[in-house]
Amino acid sequence: MTNPTPDVVVIGGGPSGSTAASFLAKAGRSVVLFEKEAHPRFHIGESLLPRNLDILERLGVLDTVRGIGVHKPGAEFVSDRTGRSCAFPFRHALNQARTHAWQVRRSEFDEALFRNAARLGAETHEETRVAEIRFPAEGFARRGERPEVVAKTKDGGEITLRPRFVLDASGRDTFLANKVTTKNSNKYNNTAAMYAHWRGVERREGELDGYISIHLAEDGWFWLIPLPGDVMSIGFVGNQSAWKHRKGSARDTFLDRVASSPSVSARVRGAEIVGEIYSTANYSYRAASGTGEGYLMIGDAFGFVDPMFSTGVLMAMTAGELGAKAADGWLDDPVRGEAMCRATNLELARAMDRIGWLIYRINDPVMRSLFMAPKNTLWMRDGIINMLAGNLAGGRFGDPRAILPILSFKAVYHVLSWMHRRGWGPDMPESRPGPMAVPAPAE
Ligand SMILES: Cc1cc2nc3c(=O)[nH]c(=O)nc-3n(C[C@H](O)[C@H](O)[C@H](O)COP(=O)(O)OP(=O)(O)OC[C@H]3O[C@@H](n4cnc5c(N)ncnc54)[C@H](O)[C@@H]3O)c2cc1C
């Protein structure tokens, strides 16, 4: 029997929503978690980061995830332009608390988190889509009024609840943002992605065993994520020009993209696609305002940043944990809770900006040249690895250990860019077409 007046309703049973529901249930709050699909279901976002492990441990699912994951000790970047490869082992991160992560099938990972929320006391519903939400007039919390949430079950039934607080974790559906605010798209990241699971792809060995490989192509980038068994997740994220000449089926387009990258096509020789080919419009966005009276948006429902550095699940779960604390605080004292909600959004927005600074410059030849041959002067390389390991949170300036290294890296980048524009300074290998350069598509 569903509790008609829970403390909190959570919309969406992905990593963010399940994390939030788990922590609220642990705090003794009554919480109802709605998921529109049935677990296990496919989802993209399979590469986790070391900082994820702390949250998994607090949730009590660390061993479960270890059991379904491929050990990931770092990230490797490969440049199609120069043929160079650069490894970023997490053991060099400035924060040494966690030096590995895992790569997981999201169907298994998300199901484990969702079932764990139920185990901890959350009331969970699958195949139940939140269809409507109505907030009373402003100041409703003071008057003791509640929002109304209407969810539809797969057999056409309706569940109407009156929670005190709503957490929106609906992912890229951005359920609340579509209704109560605007979404600001990032004009530097108007990209789309295609991806599929493959079998028989060449895996990295030795030191690089388990690494995610990011292949930087001419008009986008690929991920190669080793999953359990002989499965490799391969995806391509490309800007508008990458898709301009697409023709034929989705399969043709995807295979075409793979063939256009010398470094990726070398690894898929003799391999085959298993299962479906998926695509997603991948542009980054952020809700103009992620919180208001009685609600907070968390995870992708609040904002999304390009997935090049595998930050999405970590950010979603961080938002889930912080969001649960903010909702818990709001239930005790709405004024304090509102401040906590704003602080949660701000923390996440800053983390996105921090990683975004690097991602949205990655096609710049100076940035690529620096990134693909990082020097460890003033711990700059280790500072970058620290970010790649997910150490992104930490108030206004981020992880205190990384402030000097990252500021130094930014300063070097800006000085070299200034010199490069004037034709001065050292040679930038990523600024000239190299032996592996892909010819631009014919107009
Ligand atoms: C191409 C691509 C590659 C990526 N690669 C990575 C990666 O390697 N590593 C990484 O960490 N991240 C990656 N990400 C990002 C990652 O997928 C997301 O950041 C992460 O899944 C966000 O979690 P979430 O819980 O906020 O949303 P989701 O995981 O999307 O979960 C939202 C859930 O809400 C449900 N839902 C939606 N609307 C409703 C509704 N009205 N009622 C009920 N339920 C609803 C959905 O069914 C879904 O299960 C990638 C993203 C893309 C697009």
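Student: By class, how many nonpolar, polar and charged residues does the shell around the ligand have?

Tutor: Let's start with the classes: Ala, Val, Leu, Ile, Met, Phe, Trp, Tyr, Cys and Pro count as nonpolar, Asp, Glu, Lys and Arg as charged, and the others, Gly among them, as polar. Here the shell holds 13 nonpolar, 17 polar and eight charged residues. Bear in mind that this is a predicted model, in which local features need pLDDT of at least 70, side-chain atom pairs count only at pLDDT 80 or more, and totals for chains, interfaces and linings use all residues. Residues are numbered from 1 along each chain as its sequence is written.

Student: Which residues are the closest to the ligand?

Tutor: A residue is near a molecule if its C-beta atom, placed from the backbone, lies within 6 Å of it. The ligand is surrounded by 38 residues, and G14, G45, G171, G299 and G312 are the closest. Two or more shell residues come from each of α1 (15-26), β8 (128-134) and α9. Helices (H or I, at least four residues) and strands (E, at least two) are DSSP runs, numbered from the N terminus. With four residues, α9 gives the most to this shell.

Student: How many residues of α9 are buried?

Tutor: Buried means that 20 or more other C-beta atoms lie within 10 Å of a residue's own, exposed means 12 or fewer, and partly exposed is in between, with C-beta atoms placed from the backbone. In α9, 17 of the 21 residues are buried. By contrast, W424 is exposed, because 9 other C-beta atoms lie within 10 Å. You will find W424 in the segment after α13 (403-421).

Student: What should the 21 residues of helix α9 span?

Tutor: The expected span is 1.5 Å times one less than the number of residues. For α9 (residues 312-332) that should be 30 Å, and its end C-alpha atoms are 30 Å apart, which agrees.

Student: How far apart do the C-alpha centres of domain 1 and domain 2 lie?

Tutor: Domain bounds come from an automatic or database domain assignment. It gives domain 1 (8-69 + 104-185 + 285-354) and domain 2 (361-431). Their C-alpha centres lie 33 Å apart. Contact, meaning C-beta atoms placed from the backbone lie within 7 Å, takes twelve residues from domain 1 and nine residues from domain 2.

Student: Where does pLDDT stay under 50?

Tutor: pLDDT is the predictor's confidence in each residue, from 0 to 100. The chain's mean is 92, but pLDDT stays under 50 over residues 435-443. Where pLDDT is low, the predicted coordinates should not be read in detail.

Conventions: Contact = placed C-beta atoms within 7 Å.
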